[in-house]
Amino acid sequence: MPSKEFTLDDIAKHNKEGDLWIVIDSKVYDLSRFADLHPGGAGVLYTDSVAGKDATQVFFGLHRLEVLQRPQYARLQIGAIRGQTENIKPLGPGELSLVPYAEPTWLTPGYFSPYYSDNHRKFHKAMRAFLMEFVQPEAVRCEENGKKISQEVVDKLSEINFLAMRLGPGKHLKGLTLMGGIVKPEEYDYFHELILNTEIARFGTRGFVDGLLNGGVIALPPIINFGTPEQRAKFVPDILAGKKYISLAISEAFAGSDVNGAQTVAVRDGDEWVVTGTKKWITNGTFSDYFTTLCKTDAGFVVLLVERSDAVSTKPVKTSYSSTAGTAFVTFDKARVPVSNTLGQVGKGISIIFSNFNHERWMVTASSLGAQRLVVEECLKWTNQRIAFGKPLHAQAVIRAKLAAMIARVEASQAWVENITHQMNNMSYDEQSDKLAGPIGLLKQFVSKAGRETAQDATQIFGGRGITVTGMGKIVENYHRTSPFDAILAGAEDVLGDLGVRQAIKRMPKNARL
């Protein structure tokens, strides 16, 4: 770090071509040789408001703080202004944002919540620090290049038993060390998992969220809950350890929300099933070793654990989010599957698949909530630093109205998510299945619709930057482009809204009258 000090008068002497210095947040940068390499052209650097001046306001009207942290730009710093200190710093690992509404109420200094304990707070701090240090750089790289998460990062995640924690509380946690021992397996609850699900969404990398072993989150429960001890012993440990990958293969071109419309067929042939058919939009499918697969039989539906073979092929499905998610079209060409890989009873396949829908929908909702809160923070920062018509952007009443709506939506979503999470913590699995399918369906519909409305408002606030993949509005652009995934994955929001109302109608008292 350069230690030489200058005055603003010193800087003012360096304001011409071939001799150009500027100040950004107390730091002095020599741009003399960089000017011609500036991506926006040299001309902007020679304007009266930049050359030889404190250009902090101009810079942050055009660039994110992370630009200054890149090695090729950080090395341009030659000193600092005498008597000034750096004010604009990135959050350290585990640190909380002080931007209003950037954090949920329970993490905001001076506010309270009945849901979270000191252990939840310790867990949150450790999880955020871990993700910022080890996962965020990978998230940004993979979101951009579309590649699968690296084995190195998967191994690091396995050290804290990341995938096991994403499955929620349960017997699968027994004997594991969670988050370095911060929380005991028997103390881990749905609020710990809620923390995890909201934190992974804070990178603004929606495709990577699903590439972050989401296939395991939704494909392992049928094995854990309906598999035999032999099946669990054979498959679960390697998947939890990140040595093998798995996907849930339900959706087809023939059947999305209509699960009963699945056309993939399994025919019994001695000690094997012969599986023929296709599956589409299968998360993590391009790199999975196993597929938890819904098939039709003469006796009804069955769930089979199909291992990748020459008779099982996958190819990428190009969607509007990053291919790092591994979204696949899967073809089963007379794939032979041992009968010993049957999960649960033949004819009970639909109920086995439905048994995990509540958790999956709650998980998608939690991640959507985390992403929405990040977008609110981005918009509050931008409207504070962006100057338009000679004033900060938030001086415009129409902008404040959009911010008010965004804040109201995210806070309402947070309250409902926490309420449902509290019910999950206090209900058995059977009680959740009986009582929460409708409320979770309505919750997911509400939060995903709120997300798309917030994405639209945020894009208007950021203008052209909100539809540009890189730069100031990249978080908003990514969210605007990918927020519809939350409305579709784990059940289309309109279908789930209808489910919620139908469940409510079933519970109407027979003597209810106006």
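Close-up 1. Not counting residues up to four places away in sequence, Val-135 touches Phe-130, Val-153, Leu-157, Phe-203, Phe-208 and Leu-212, where contact means heavy atoms within 4.5 Å. This is a predicted model, in which local features need pLDDT of at least 70 and side-chain atom pairs count only at pLDDT 80 or more, whereas totals for chains, interfaces and linings use all residues. Residues are numbered from 1 along each chain as its sequence is written, and side-chain values use heavy atoms, with hydrogens and water left out. Val-135 lies in helix 5 (residues 118-145); helices (H or I, at least four residues) and strands (E, at least two) are DSSP runs, numbered from the N terminus. With a relative accessible area of 1%, Val-135 is buried (buried means under 20% relative accessible area, exposed over 50%, partly exposed in between; 1.4 Å probe, protein chains only). From C-alpha to C-alpha, Val-135 and Ile-149 are 9.5 Å apart in space, and they are 14 residues apart in sequence.

**Close-up 2. Aromatic pairs.** The whole structure holds 16 aromatic pairs, a pair being rings of Phe, Tyr and Trp (its six-membered ring) with centres within 6.5 Å, and planes under 30 degrees apart count as stacked, over 60 as edge-to-face and the rest as tilted. The rings of Phe-59 and Phe-60 have centres 5.0 Å apart and planes at 90°, so this pair is edge-to-face, and both Phe-59 and Phe-60 are buried. The pair of Tyr-245 and Phe-287 is also edge-to-face, because the ring centres lie 5.5 Å apart and the planes stand at 90°. Tyr-245 lies in the loop between helix 12 (229-240) and strand 6 (246-249) and Phe-287 in the loop between strand 8 and strand 9 (290-297), so the pair ties together parts that are 42 residues apart in sequence. Tyr-245 and Phe-287 are both buried. Trp-106, Tyr-115, Tyr-116 and Phe-191 are linked into a cluster by ring pairs.

**Close-up 3. Lysine charges over phenylalanine rings.** The charged end of Lys-148 sits over the ring of Phe-287, 5.6 Å from its centre, and that of Lys-156 sits over the ring of Phe-134, 4.6 Å from its centre. A charge sits over a ring if NZ of Lys or CZ of Arg is within 6 Å of the ring centre and within 35 degrees of the ring normal.
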